[in-house]
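This briefing is meant for a reader who is meeting the structure for the first time. Please keep the sequence and the 3D view at hand while reading, and look up each place as it is named.

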Amino acid sequence: MRLVLFDLDGTLVDRQLAYGGAVADLCHRYGLGPEAEAWLISELADRANAVDFFRLCEVFDLEPSAAELWRGYIDLMVAAVTCRAEVLEGLARLRAAGWAIGVITNGAGDIQRAKLAGTGLASLVDGVAASGDLEIRKPDRRLFELGATRCGVSLADGGWMVGDNPTGDIGGGHQAGLRTIWLRGRPWPDGLPAAYHVVDDVTDAITILLAETE
Ligand SMILES: [Mg+2]
């Protein structure tokens with residue numbers, strides 16, 4: 001069975017589009033002021049986890065509990081994040097062609113799994129490895145190994161990694177012995193080995209993988 005591991009945020013789903021709206025809705029729902037909103041927009045720019053909301057409550061001395069705010073944020077993010085129909089269809093075609101599909105993501109397990117469920121991705125994915133569950137982050141090879149294992153295959157048999165982060169996804173995938181497809185956008189660091197393919201959209205990556213099957 002062929003293996004492909006996908007990054008989640010910025011690859012299968014557009015987190016950047018969703019999180020600003022989720023933060024605004026959260027602040028509206030809980031009556032948080034513009035300073036708290038600006039703090040959240042800045043602090044959650046790359047990712048969010050429960051600890052961020054404990055810090056928020058400390059900094060702004062808030063009434064609702066941090067756990068309640070975190071659960072509220074997860075609900076609003078799940079409502080805001082979508083996966084495009086053509087991406088879901090492409091993944092279904094990959095599976096039908098015999099690929100094992102994993103998601104490896106640097107993020108908290110609870111919110112990342114909620115997003116996978118809410119977007120319809122969960123039913124198309126064989127295995128998920130979230131960094132927050134283990135305190136192991138991409139580019140650490142162990143997260144790639146876990147992703148492969150959870151798909152029921154061995155990383156030693158090779159496969160592909162698709163993602164938007166040069167160091168975490170492409171550098172990490174390369175070190176893990178995988179061929180890589182980079183979704184261009186971020187600056188490419190000096191000295192990092194080139195990706196095997198570079199694309200503008202994840203559907204282009206899926207097309208490349210489907211051609212590999214033939
Ligand atoms: Mg990403």
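## Briefing on the predicted model

Helix α2 (residues 34-43) packs with α3 at an angle of about 150°, and their axes are 11 Å apart. The two helices, α2 and α3, are therefore roughly antiparallel to each other.

- In passing α3, helix α2 makes a right-handed crossing.
- On the side of α2 the contact is made by Glu35, Ala36, Trp39, Leu40 and Glu43, while on the side of α3 it is made by Asp52, Phe53, Arg55, Leu56, Val59 and Phe60.
- Sorted by class, the residues in the contact of α2 with α3 are seven nonpolar and four charged, with no polar residue among them.

**The pair α5 and α10**

- Helix α5 (residues 85-96) and helix α10 (residues 202-213) have axes that come within 10 Å and cross at roughly 15°.
- That angle makes α5 roughly parallel to α10, because angles under 35 degrees count as roughly parallel.
- The crossing in which α5 passes α10 is left-handed.
- The residues of α5 that take part are Glu86, Val87, Gly90, Leu91, Arg93 and Leu94, and in α10 they meet Val202, Thr203, Ile206, Leu209 and Leu210.
- Seven nonpolar, two polar and two charged residues make up the contact of α5 with α10.

**The magnesium site**

- The magnesium ion has as its protein donors Asp7 (OD), Asp9 (O) and Asp164 (OD), which lie 2.1 to 2.2 Å from the ion.
- Along the sequence, the spacing of these donor residues can be written as D-x1-D-x154-D.
- Distant parts of the chain are linked here, since Asp9 belongs to the loop between β1 (2-6) and α1 (15-30) and Asp164 to the loop between β4 (160-163) and α9 (166-175), 155 residues apart.
- Asp9 has a relative accessible area of 15% and is therefore buried, and Asp164, with a relative accessible area of 11%, is buried as well.

- The buried residues of α9 are Pro166, Gly168, Asp169, Ile170, Gly171, Gly172 and Gly173.
- These buried residues of α9 pack against α8 (141-150), against β4, and against β5 (179-183).

**Leu143 in helix α8**

- Leu143, which lies in helix α8, has a relative accessible area of 0% and is therefore buried.
- When its neighbours within four places in sequence are left aside, Leu143 is in contact with Ile104, Thr105, Asn106, Ala129, Ala130, Ser131, Leu134, Ile136, Arg137 and Lys138.
- One of these contact residues is Thr105, and although Leu143 and Thr105 are 38 residues apart along the chain, their C-alpha atoms are separated by 8.6 Å.

**Backbone features in the loops**

- Most residues other than glycine have a negative phi, and most peptide bonds are trans.
- Asp61 is not a glycine, yet it has a positive phi of about 50°, and its place is in the loop between α3 (50-60) and α4 (66-80).
- With a relative accessible area of 70%, Asp61 is exposed.
- Glu135, also a residue other than glycine, has a positive phi near 60°, and Glu135 lies in the loop between α7 and α8.
- Glu135 is exposed, its relative accessible area being 68%.
- A cis peptide bond, with omega about 15°, joins Lys138 and Pro139, and Pro139 is found in the loop between α7 (131-134) and α8.

- Gly158 lies in the loop between α8 and β4, and, leaving aside its neighbours within four places in sequence, Gly158 is in contact with Leu3, Gly177 and Leu178.
- From Gly158 to Phe60 the separation is 98 residues in sequence and 48 Å in space, taken from C-alpha to C-alpha.
- Phe60 is one of the residues through which α3 makes its contact with α2.

Definitions and conventions:
Residues are numbered from 1 along each chain as its sequence is written. This is a predicted model: local features need pLDDT of at least 70, side-chain atom pairs count only at pLDDT 80 or more; totals for chains, interfaces and linings use all residues. Side-chain values use heavy atoms; hydrogens and water are left out. Axes are lines fitted to C-alpha atoms, for helices over the stretch in contact, and angles run from 0 to 180 degrees between N-to-C directions. Helices (H or I, at least four residues) and strands (E, at least two) are DSSP runs, numbered from the N terminus. Angles under 35 degrees count as roughly parallel, over 145 as roughly antiparallel, 65 to 115 as roughly perpendicular and the rest as oblique. A crossing is left-handed if the near helix is turned anticlockwise from the far one by less than a right angle, and right-handed if clockwise. Contact means heavy atoms within 4.5 Å. Ala, Val, Leu, Ile, Met, Phe, Trp, Tyr, Cys and Pro count as nonpolar, Asp, Glu, Lys and Arg as charged, and the others, Gly among them, as polar. Donors are N, O and S atoms within 2.8 Å of the metal (3.2 Å for Na, K and Ca); water is not among the atoms, so sites may look incomplete. Buried means under 20% relative accessible area, exposed over 50%, partly exposed in between (1.4 Å probe, protein chains only).
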